[in-house]
Amino acid sequence: QVKELFHSMGVDFYALELDLTDDGPNIQQVLVEVTSQRTVPSVFVNGTHIGGYDKTFQAYQSGSLQNVLGNCIDDAEVYDYDLIVVGGGSGGLACSKEAAALGKKVMVLDYVVPTPSGTSWGLGGTCVNVGCIPKKLMHQAALLGQALQDSRKFGWEYDEQVKHNWETMVEAIQNYIGSLNWGYRVSLREKTVTYINAYAEFIEPHKIKATTRKGQETFHTAQTFVLATGERPRYLGIPGDKEYCITSDDLFSLPYCPGKTLIVGASYVALECAGFLAGIGLDVTVMVRSILLRGFDQEMAERAGAYMETHGVKFIRKFVPIRASTFTLLEEGMPRRLKVVAQSTEGPDTVEGEYNTVLMAIGRDACTRNIGLDKIGVKINEKNGKIPVNDEEQTSVPHVYAIGDILDGKLELTPVAIQAGKLLARRLFGGSFIKCDYVNVPTTVFTPLEYGCCGLPEERAIEEYGKENVEVYHTLFWPLEWTVPSRDNNTCYAKIICNKHDNNRVIGFHVLGPNAGEITQGFGAAIKCGLTKELLDETIGIHPTCAEVFTTMEITKSSGKDVTQAGC
């Protein structure tokens, strides 16, 4: 931390590593006699002893360290900014505002490269504009449709034929997103963060070129950089994919109803979009190459998919669009009419169908290859474009850090990026030691039947601990709200995965049901605190709720007993 402090100030220093020096113990003894300090680091400036870590940072925060350094700083290179953040998404904004609050001069550069269909958006990144926020709101629109159907059983009488208006929904959601975009700009201004809507590219280790939409170029320097560029949806790379297909980057602001829709992919983006489009009454098909929700618990993924099938979503399994002549335009319009041909992954069979909209949801690519990282020596994983970092989000270049979805091997979740950004700023500029904890992060897939999880999937738990050391408790359940409409009994499902040799500590939490996100958030905190099966059993549930099933689980998978429920 002290070394990084001097790096950030542009001050050259010499570090004598006592544990790597033959005469280290003798030098340490002399240092104790001279300074009365027994710990390291022991910092000297121009022959003056400053102290250890705490005193050095106190001196820095008070300004006395800068005074002692004197000519050392005068000779150092002066930069325009203490910190430049590349990317104005959730993580980048959190990092920039925290650094500014700690008294640093900060700039944020953010630019959205328009999609092949021409879609772009304002400040705030994927989550706000084309991710979590519009996704959850459209999910809510679909849930309201189901609630309307249920309402008749609860006594609501209405004669009017109810229908959904896509344009009304999109306009309302985009108006809300617009208010968030404006709010972010105001927040940056209030915290005196300089914001430029321009594309950033490194041209020197500490210098960046910023290019606006009109092609105007400016140049800016900084002592430290944070990369928070995020990811963009991937295309298949076959003829016609960018001409005839859209992605989630386009869907949420689409000015017309997408009509009969084919979704290619089985990611959480694919299933969430399929769910809410079907929920508002559209004809939806999902084309799956292999498995649903790769990386998630596969039992939960299949149950989520099965629920979608019973509620109108069609699945074409083990097929992919073929390389040539996949897309044929049958009729132009809004929406247009397309013929799509796909081939089996297991043989020569093909299928074809007509659709109004084809949505690609086959994964996302890190936005790292065209920002000049190669010019300054920042290493990336060539296979996926992601950036390897150490446990402090530092890249292969000491003054360049990275956070969010572009990190290699880390979770691609908005709250993770926000937490990492804040903690990074505090370590860089506030003397903090706290690092982002990427373990046991709760998340939820907002499929029609929501899937919340925290910890390990069952497959991973068995792989890591061994099947004989893992106990799985599980149950089906029927939400009380679903009993009167008499729908979907024994489709909601809950399970916990315990490590038998660690006091039955909960190492995996999984729930499939309404409001799964709200349920999982609370249990996520408990898992952080070392939740065990015994503690769950000792917890008194809130009745009648879905979450209370976790306090009454008795049946293990290994017992083979039936977990179907007769009532709520």
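**Exercise 1. A parallel sheet**

How many bridges join E10 to strand E18, and in which sense do the two run?

*Solution.* The model is predicted. Start with the pair itself: E10 and strand E18 (residues 357–360) run parallel and are joined by 3 bridges. Next, take one contact. Cys245 has Val358 in E18 as its bridge partner. Now widen the view. The sheet is open, holds 5 strands in the order E10-E18-E11-E12-E13, and its pairing is parallel. Its edges are strand E10 (245–247) and strand E13 (314–317), each pairing on one side only.

**Exercise 2. A hairpin**

Describe how strands E15 and E16 pair, then inspect the turn between them.

*Solution.* Strand E15 covers residues 327–331 and strand E16 covers residues 337–344. They pair in the antiparallel sense over 4 bridges. Thr328 stands opposite Lys339 in E16. The two strands form a hairpin, with 5 residues between them. In the turn, Gly333 has a positive phi of about 160°.

**Exercise 3. Rings around Phe550**

Classify the pairs that Phe550 forms with Phe509 and with Phe523. Then say which parts each pair ties together.

*Solution.* The structure holds 11 aromatic pairs. Take Phe509 and Phe550 to begin with: the centres are 4.3 Å apart, with 25° between the planes. Planes under 30 degrees apart count as stacked. The Phe509–Phe550 pair is therefore stacked. Locate the partners. Phe509 lies in strand E25 (residues 505–512) and Phe550 in the segment after helix H19 (533–538), so the pair ties together parts 41 residues apart in sequence. Both Phe509 and Phe550 are buried.

Turn to Phe523. Its ring centre is 5.1 Å from that of Phe550 and the planes stand at 50°, so this pair is tilted. Phe523 lies in helix H18 (residues 516–528) and Phe550 in the segment after H19, so parts 27 residues apart in sequence are tied together. Phe523 is buried too, as is Phe550.

**Exercise 4. Charges over rings**

Over which rings do the charged ends of Lys410 and Arg487 sit?

*Solution.* For Lys410, the ring belongs to Tyr438, and the charged end sits 5.2 Å from its centre. For Arg487, the ring is that of Trp482, at 4.3 Å from the centre.

Technical notes:
Residues are numbered from 1 along each chain as its sequence is written. This is a predicted model: local features need pLDDT of at least 70, side-chain atom pairs count only at pLDDT 80 or more; totals for chains, interfaces and linings use all residues. Side-chain values use heavy atoms; hydrogens and water are left out. Two strands pair if DSSP finds at least two bridges between them. Rings of Phe, Tyr and Trp (its six-membered ring) pair if their centres lie within 6.5 Å; planes under 30 degrees apart count as stacked, over 60 as edge-to-face and the rest as tilted. Buried means under 20% relative accessible area, exposed over 50%, partly exposed in between (1.4 Å probe, protein chains only). A charge sits over a ring if NZ of Lys or CZ of Arg is within 6 Å of the ring centre and within 35 degrees of the ring normal.
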